[in-house]
Every structure is written in structure tokens, then in C-alpha cells.
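Morning, everyone. Have a look at the chain on the screen, and then I'll walk you through its aromatic pairs.

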Amino acid sequence: MAIKQPDLTINISNHQSSLQIFKAAASNFISSLSGKMFTFGLGLMLLDETHSAISFGINMIISPIVGLLCLVPIGNLIDTYPHKTVLTGSLTARTLALILFAASINLFTATAKLIPIVLFLIIDAISTTQSPIVIPVILPPPMSLLTLTTFIV
């Protein structure tokens, strides 16, 4: 039994499609590069403050662990609610966490700086776990992942 859907055809030129692909690729590259650099910089700052390699290691392992633990619940959340709402809420939470982190980091000294850093990294990891899932879904049909990867390569 076929499910009847409204016509979702979007007519765009090759130039518009290439421009959208470039924007998506550049945005994704800048976002992932800056996020990873910030996390690495936090680890180096923590290493400098505490003089402990363990604190640097904890900082580097938090994002992958949180990403793995939250992958299924975030996938269910994305499948349940509108993608644009989830993405907007995620970016808002990430921005608020960054503001709170910037306001509170100097209240802690030495090893205690690990507390706000870990809390921020957990929120950051949760908010960035959903981005690779949501963004391809909200892109128009000509911008599939196959098109995006062939454009980049």
C-alpha cells in the first residue's frame, strides 16, 4: 500500500544548489573546527592550571562518552519533535551554557576548574551530537549527504 504524499519538488538551479552545498560545507567545517579547538584549548588551560595530565585526559574523553551515551535518546528526540525546533533549542542551550561557563570559570581555582569545564563539555557534547542527525534532514532534497560528500571530495 503506497502512502500518498504531497508533491515536494523544489526547483533550483545548479548554481543555487552548488551555493547551498558550499554554505553547508563551510558552516559544518567552521563549526566542527571551532568546537574542537575550543575543547582542546579548555584541556590545555586545565592542564596549565592543575599541572595534571589526568585532567587533560578527562577533558578529552568526556565528549565521545557523552556522545555515545546520548546518541539513541537524541535520535528518538529528533524523530519525535520538529527538527528546526530541536536544532534551535540545542543551539540556544549551547549558547547559554557558554555564557554561564564564561561567567563562572574564574570563580574556581586550580583543580576545581574541572567542575564548570566538565558541565559545559557535557552540554556541548549533547548539543553537538544531534547536529549531524538533524542538518541533513532539514536540507532540501538536492542537497543529500551523497551530493555534499561528492562536492567536498
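First, a term: buried means under 20% relative accessible area, exposed means over 50%, and partly exposed lies in between, with a 1.4 Å probe and protein chains only. This is a predicted model, where local features need pLDDT of at least 70, side-chain atom pairs count only at pLDDT 80 or more, and totals for chains, interfaces and linings use all residues. Residues are numbered from 1 along each chain as its sequence is written, and side-chain values use heavy atoms, with hydrogens and water left out.

Now the fold. The protein chain has six helices and zero strands. Helices (H or I, at least four residues) and strands (E, at least two) are DSSP runs, numbered from the N terminus. Of the 153 residues, 27% count as buried.

On to the rings. Rings of Phe, Tyr and Trp (its six-membered ring) pair if their centres lie within 6.5 Å; planes under 30 degrees apart are stacked, over 60 edge-to-face, the rest tilted. That rule gives two aromatic pairs.

Pair one is F40 with F56. Their centres are 5.7 Å apart and their planes sit at 80 degrees, so this pair is edge-to-face. F40 is in helix α1 (residues 14-50) and F56 in helix α2 (residues 53-80), 16 residues apart. F40 is partly exposed, at 42%.

Pair two is F101 with F120. Here the centres are 5.2 Å apart and the planes at 25 degrees, so the pair is stacked. F101 belongs to helix α3, F120 to helix α4 (residues 114-129), 19 residues apart. F101 is buried at 8% relative accessibility. F120 is buried too, at 5%.
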